[in-house]
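Q: Please take a close look at one part of this model: the packing of its helices. Keep it brisk.

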Amino acid sequence: MDNDDFLILRSGEAEGLVTPEEALEAVEDAWKDYAQSRQVLSDPPSLRLATPGAQFRVKGAVLPDSGLAGFRLLSEGEATRDWFFLSDLQGRPMALIEASWLRSLRTASTAALAAKLLVAPGVTQAAIIGAGRIAAHLPAALALALPGLTSLRVAARKPEAVEAFCAARQGGLALKLEAAASPAEAAAKAGLVITVSSAAAPVIGAGDLALGATLVALGQADVAADVLGWAGAFFVDSADFSRPGGNLGAWMAAGATTELALARQVGPDLGLVAAGLAPGRGAPGQNVLAVLQGMAIGDLALAAIAWRKARLRRLGLRFGLGEAATARFRGPTPRRNRSLR
């Protein structure tokens, strides 16, 4: 593959190109880069655009040591699409990668990394609330991040989906996957609870959590705002609360908190914890909350791995971006352009 070629990986072509081990390591390295540089995210970190039919989001990041930069391009509506645009540091386009599978893997890997940094010593029981595409990556990611786990209870709105989820993902894992009848039952004795539900209303609250538990919230509106009072320590991946999504956005929209209140309560971001520049949890009995909004630097790290492997395996579509053979204009005349509507 020529160095000037532009690579396109279409839907499904990036699937399996990044292993859980690679994803966990890449996200941790990316968080450390964020902690040490602080200049690796776009400004603003997230840009939004609404149309009558869709919501668009763009997030950018750079990995200086890898010589790569890029943007995650997400549209949510009747036709949901998720792409990652990759370039070198001089702006030369490198690839466009359909990234829905990579995003799910990145999200699960960030949750597993947060758990690794924050759970109390000796935790053996964990819970997942949700059984969708992101949750599918969590058992393997947690087994890598927390090898001491022995039990993982799963709950979701459809009990039959939970049974199928556990059966499909048990193979090859030392920790035991078990179906729980409800989110509260799953969380009751868990030292780690990860919510990744699509629920539009809270399914977990402070009263459902064990003393000293770590709650990692990934969902959109699945955690009650009373966990802010429950938490003895509160962490985020990105401390930008100006236009938060997920549970933070839901709490602010409901009037349960404000940008100022969140800024006052939040501790160091998890990049600083990962880099050893700030402490994580305090005492083993401390209640710990982590809300992850998702940073483009993690998406970039995984997209870079997928791009390199796809080049080596000659996957996808490749286009030369050198100068065209002729510069002769071949489109409509300016007069016709003016008449187009």
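A: A crossing is left-handed if the near helix is turned anticlockwise from the far one by less than a right angle, and right-handed if clockwise. By that rule, H2 and H3 cross right-handed. Helices here are DSSP runs (H or I, at least four residues), numbered from the N terminus. The model is predicted: local features need pLDDT of at least 70, side-chain atom pairs count only at pLDDT 80 or more, and totals for chains, interfaces and linings use all residues. Residue numbers start from 1 along each chain as its sequence is written, and side-chain values use heavy atoms, with hydrogens and water left out.

Start with H2 (residues 100-118) and H3 (residues 138-145). Their axes lie 9 Å apart, at an angle of about 30°. Axes are lines fitted to C-alpha atoms over the stretch in contact, and angles run from 0 to 180 degrees between N-to-C directions. H2 is therefore roughly parallel to H3 (angles under 35 degrees). Contact means heavy atoms within 4.5 Å. H2 contributes Ala 108, Ala 111, Ala 112, Ala 115 and Lys 116. H3 answers with Leu 138, Ala 141, Leu 142 and Ala 145. By class, that contact has eight nonpolar, no polar and one charged residues. Ala, Val, Leu, Ile, Met, Phe, Trp, Tyr, Cys and Pro count as nonpolar, Asp, Glu, Lys and Arg as charged, and the others, Gly among them, as polar.

H3 also packs with H1 (residues 20-37). Here the angle is about 65°, with the axes 10 Å apart. This crossing is right-handed. Pro 20, Glu 21 and Leu 24 of H1 meet Ala 140, Leu 144 and Ala 145 of H3. The H1 contact with H3 divides into five nonpolar, no polar and one charged residues.

Conventions:
Helix = DSSP H or I, 4+ residues; strand = E, 2+ residues; numbered from the N terminus. Parallel < 35°, antiparallel > 145°, perpendicular 65-115°, else oblique.
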